Amino acid sequence: MAYAITQTCCNDASCVSVCPVNCIHPTPDEPDFGTTEMLYIDPATCIDCGACADACPVDAVRPADLLSGPERVYSELNRAHFADESPGTVWGAPRFPRSLPSAASAPRVAVVGTGPAAGYTVQSLLRSTDAEITVLDRAPLAGGLVRFGVAPDHPATKRIGDTFAGALRHPRVRVRLGVEIGGNLSHAELAAHHHAVIYAVGAEASKDLGIPGESLPGSLAATTVVRWYNGSPEVPEDAVDLAGERAVIVGNGNVALDIARILLSDPDELSDTPIAGRALAALRASKVREVVLLGRRGPEHAAYTRSEFLAMRELRGVTVHVDERGGESTAADPDSKAALLRGLPSGPVDLGFPPPEGKRLLLRFGSAPSAVLGEHGVRAVRVDGEDVPAGLFIRSIGCRGVPVPGVPFDAASGVIPNERGRVDAPGTYVVGWAKRGAHGGIGANRGCAAETVDTLIDDIVAGRLAEPARGPKDFERLLRGR
Ligand SMILES: Cc1cc2nc3c(=O)[nH]c(=O)nc-3n(C[C@H](O)[C@H](O)[C@H](O)COP(=O)(O)OP(=O)(O)OC[C@H]3O[C@@H](n4cnc5c(N)ncnc54)[C@H](O)[C@@H]3O)c2cc1C
Ligand SMILES: NC(=O)c1ccc[n+]([C@@H]2O[C@H](COP(=O)([O-])OP(=O)(O)OC[C@H]3O[C@@H](n4cnc5c(N)ncnc54)[C@H](OP(=O)(O)O)[C@@H]3O)[C@@H](O)[C@H]2O)c1
Ligand code: SF4
Ligand code: SF4
C-alpha cells in the first residue's frame, strides 16, 4: 500500500519536508513546482509511514487503497505522474529554509493581512527568527480569502485556516483586527514602530470587462458573489438575485467553477457547510437551473484545474454539457485539458431558448460577451451576436491589487513592485497575491512567504534595517487612540 494525494491539495508542500524518503514531487526547488496543479506521491518509493498525512493541513493525503468513489482516480493520477521515472529511483534530500543567526537581536515585524500569505509568513518568521510580530487586518475577522473566498463546500481547504489561527495564537504574535493601513493607520506610522513591515494585502479589486451594461443590477463581480455566500459583512444580504432561470459566468477559472457549483448544488447538501444562512435561504428559493460558463479560449486553455473540473463532473443532479461548436470534446492528446471533456454530453445549443428541465452546467469555449442587456436589471447577455436570456451575469475574470497609500504600487500590473519580496521603501516587504498578482492557490503562498522572509533575514544580517523610532507601548497607545 502507498499513500496518494487527492483533490484538496493546495500545493503548500508541507508534506514534502516530513517525507523520510522524499517521494513527494515536484518539490519547491524542482522546476515544475511553479506550474503543477497538485503534488504527487511516488507509490514505488513511499514507505507508508503516514507522516505526510499528519502534516497535510487540508486532509489531502490518504492511503491509496482506501480511496473510494470519485477519489479513486487519484491513485492512478499519483502513479501516472511518475510513469517516466526509471524503476528504483532514489530521490535526493529536500532543502530546508535557513534561520536568522541567534546572535542577531529580535526584530519587531508588522504583517499586514491575515490571509494565507500572512499565515505562511508568520509561520516562517516564528520558525526562522525570534521576531516579535504584530499582525493587522482591516477586516473584523481573520482569514482573508480562506474565510471569504474558499467555497463553503470545500471544508478540508477551509481547515487550513485553523493552522494559520494556531500561528496567530503564538505568544510572540499580537493580532489587531479592524485596522486599515492607509485608512485609520498610515504606512509611515506603522513603519515608525517596527523594524520591518510586510504587506500581505492580497489583490482585492475585481477586473472589469468594459462592456456596455456591466454596471446593471444583477451584473456582479465574482468577489461579490463569493463574499455573499461566505457571509462577509461587507456584502448586503440581498446582493445576489436568483429569480432568473439562467446565470451566465464569464471566465472558466476555479472561482467561476466554485460559483457555478454553489448555484447548481442541492441546497440540502450545502446545509451542513459554513455557507451563510442568507445564501442558503436564497438557494432554496432559487430558480436558477442553468449556468453558462464562457471561456474566451479553447478547452485546452481552460483556466480551471483538473481536480476541480473532475469534482464538477461528479456533482449530483447536474449535467455538464459541452456546447460543441468546433469539435472541442474530441481532442486527441490525453494530456490536454480538453481531454477532460471526453464522455460528456455535447452538441450545439441554441441559447435563445429557456434552459431544459433539470440542472445543467453549459460550457461554451471560444466565446465572450459583448454587452449586458436590460433596463432596470439584467435581462439578457449578448454572446457571439446572439441575445441569451439570463437573470444573472457574473464576471469571474480575476482580480488586481489595490494601492496602499504611501507604499509603491505598479498600476499596470496591479502589484507592489519588489525584488524577492523587498520593496523600494525602507524596511518594507511584500508577499502573496500583492507580490505576484492574483494567481495560484493557497499553497503557492508558502514558498512565496519563505522567499520574502529569506530576503528579510538577508537585510537583518547585513544591518540594512533601521532601529524603529518608537516602541511597542507607543504603538499600542496609538492603536487605542484610533
Ligand atoms: C473566490 C476564491 C476562492 C479560492 N479558493 C481557493 C481554494 O479552494 N484553494 C486554493 O488553494 N486557493 C484558493 N483560492 C486562492 C487563494 O485564496 C489565494 O492564493 C490566497 O488567498 C492569496 O493570499 P493573500 O494572503 O495574498 O490574500 P488574501 O487572502 O486576499 O488576504 C489579504 C488580506 O489583507 C487584508 N487587507 C487588504 N488590504 C488591507 C489594508 N490596507 N490594511 C489592512 N488589511 C488589509 C484583507 O482584509 C485580507 O484579510 C481562492 C481565491 C479566490 C478569489
Ligand atoms: N479550488 C482551488 O484550488 C481554487 C479555487 C478558486 C481559486 N483558485 C485559484 O485562485 C486563482 C484565481 O482564480 P480565478 O478563477 O479568479 O482566476 P484565473 O484562474 O486566472 O481565471 C480567470 C479566467 O478569466 C478569463 N478572463 C480574464 N480576462 C478576461 C476577459 N477580459 N474576457 C474574458 N475572459 C477573461 C481567463 O481567460 P484566459 O485563460 O483566456 O486568460 C480565465 O478563464 C487561480 O490560481 C486559481 O487556481 C483555486
Ligand atoms: S506515507 Fe511516508 S513515505 Fe509515503 S509519501 Fe507520505 S511521508 Fe513519504
Ligand atoms: S496540501 Fe500541502 S501538505 Fe497536503 S498534500 Fe498538498 S502539498 Fe502536501
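The domain bounds I use in this entry come from an automatic or database domain assignment, and the model I am looking at is a predicted one.

I first noted how the protein is divided: domain 1 covers 3-81, domain 2 is made up of 108-204 + 399-481, and domain 3 is made up of 211-224 + 233-395. I then looked up the separation of domain 2 and domain 3, and found their C-alpha centres 34 Å apart.

Next I turned to the interface between these two domains, where eight residues of domain 2 are in contact with 11 residues of domain 3. The area buried between domain 2 and domain 3 came out at about 800 Å², with carbon and sulfur atoms giving 62% of it. On the domain 2 side, I recorded that Pro-152, Asp-153 and His-154 supply 54% of the area buried against domain 3, more than any other three residues.

For charged pairs, I found a count of two salt bridges between domain 2 and domain 3. I also looked up Asp-153 again, and saw that it forms a salt bridge with Arg-261, in which the closest N and O atoms are 2.7 Å apart.

Last, I went to ligand 4, which sits in the largest cavity. I noted 13 residues around ligand 4, of which Cys-9, Asp-12, Ala-13, Cys-15 and Cys-56 come nearest, and I recorded the make-up of this shell as 10 nonpolar residues, two polar and one charged.

Key: Residues are numbered from 1 along each chain as its sequence is written. Chains are lettered from A and ligands numbered from 1 in the order in which they are written. This is a predicted model: local features need pLDDT of at least 70, side-chain atom pairs count only at pLDDT 80 or more; totals for chains, interfaces and linings use all residues. Side-chain values use heavy atoms; hydrogens and water are left out. A residue is near a molecule or strand if one of its heavy atoms lies within 4 Å of it. On a 1 Å grid over the protein atoms alone, a cavity is a set of points where a 1.4 Å probe fits but cannot get out, and a pocket is an open set with protein on both sides within 12 Å along at least five of seven lines; lining residues have an atom within 4 Å of a point. A molecule sits in a cavity or pocket if more than half of its atoms lie within 2 Å of its grid points. Ala, Val, Leu, Ile, Met, Phe, Trp, Tyr, Cys and Pro count as nonpolar, Asp, Glu, Lys and Arg as charged, and the others, Gly among them, as polar. Contact means heavy atoms within 4.5 Å. Buried area is the accessible area (1.4 Å probe) that two parts lose on being put together, summed over both. A salt bridge is a side-chain nitrogen of Lys or Arg within 4 Å of a carboxyl oxygen of Asp or Glu.
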